[in-house]
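The following exercises are to be worked through with the sequence and the structure at hand. Each task is followed by a solution in steps.

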Amino acid sequence: RFDLQATGVAQPSDASAQTGLPTVNVALSADGDPSGVRLNTLSIQSPWLHAELTNNVGFTWTGELLAQPAQLRVTVDLAKLPGATLAGKAEGFVQIEPQGGRTPRAQFRFSAGPLRIGSMDAKSILVRGNFAAPILKLDEMRADFTDGSSLLAEGSFDSATQGIVGGR
């Protein structure tokens with residue numbers, strides 16, 4: 001058996017720091033045995049990103065996700081992204097679900113608003129979908145702008161054939 005508590009800091013080189021690459025802090029705790037590992041906590045923080053595992057998650061050494069889904073909550077301060085001409089905050093989650101011996105499926109949902117993208121102002125943006133290899137499915141992308149216009153999109157991308165399927 002093992003029990004691991006770790007923290008780390010990734011600091012960019014001086015040249016990378018000048019381009020805006022930030023320092024990243026990571027903390028995790030895990031335990032395991034010869035059959036697998038359980039990730040108890042995971043936290044990733046930078047000036048523009050905060051991501052945190054919301055529950056314990058177990059997986060085998062071959063990568064199979066065990067019983068319960070893993071959920072990572074994410075908050076992004078878009079104004080602090082290096083080189084970005086964005087303002088606003090986005091938040092959401094990625095949830096990875098076991099598929100009984102098959103590759104796990106990831107569901108995601110992110111929302112933002114109000115948001116400034118260059119010279120455009122959006123009241124709200126919503127992106128939700130899932131990934132079950134090799135298909136990335138965008139169930140809904142919706143942007144509502146302050147001038148009353150909206151942008152809607154949906155469709156799928158097959159990473160094996162590198163083709164868009166059913167885009168609208």
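**Exercise 1.** How far apart are the mean positions of the positive and negative charges of the protein?

*Solution.* The model is predicted, so that local features need pLDDT of at least 70 and side-chain atom pairs count only at pLDDT 80 or more, while totals for chains, interfaces and linings use all residues. Residues are numbered from 1 along each chain as its sequence is written, and side-chain values use heavy atoms, with hydrogens and water left out.
Step 1: Lys and Arg count as positive and Asp and Glu as negative, whereas His and the chain ends are not counted.
Step 2: Each charge is placed at NZ of Lys, CZ of Arg, CG of Asp or CD of Glu.
Step 3: There are 14 positive and 16 negative charges, and their mean positions are 5 Å apart.

**Exercise 2.** State which secondary structure elements the protein has, and in what order.

*Solution.* 
Step 1: Helices (H or I, at least four residues) and strands (E, at least two) are DSSP runs, numbered from the N terminus.
Step 2: Along the sequence, the pattern reads β-α-β-β-β-β-β-β-β-β-β-β-β.

**Exercise 3.** Is Ala27 buried, partly exposed or exposed, and which residues does Ala27 contact?

*Solution.* 
Step 1: Ala27 is located in strand 2, residues 24-33.
Step 2: Buried means under 20% relative accessible area, exposed over 50%, and partly exposed in between (1.4 Å probe, protein chains only).
Step 3: The relative accessibility of Ala27 is 29%, so Ala27 counts as partly exposed.
Step 4: With neighbours within four places in sequence set aside, Ala27 is in contact (heavy atoms within 4.5 Å) with Ala6, Thr7, Thr41, Leu42 and Ser43.
Step 5: Ala27 and Gln5 are 22 residues apart along the chain, and their C-alpha atoms are separated by 7.9 Å.

**Exercise 4.** Describe the backbone at Pro114, Pro134 and Gln162.

*Solution.* 
Step 1: Most residues other than glycine have a negative phi, and most peptide bonds are trans.
Step 2: The bond from Gly113 to Pro114 is cis, with omega near -15°; Pro114 lies in strand 8, residues 102-117.
Step 3: The bond from Ala133 to Pro134 is also cis, with omega near 5°, and Pro134 sits in the loop between strand 9 (120-132) and strand 10 (135-145).
Step 4: Gln162, a residue other than glycine, has a positive phi near 55°. Gln162 belongs to the loop between strand 11 (150-158) and strand 12 (163-165), and is exposed at 63% relative accessible area.
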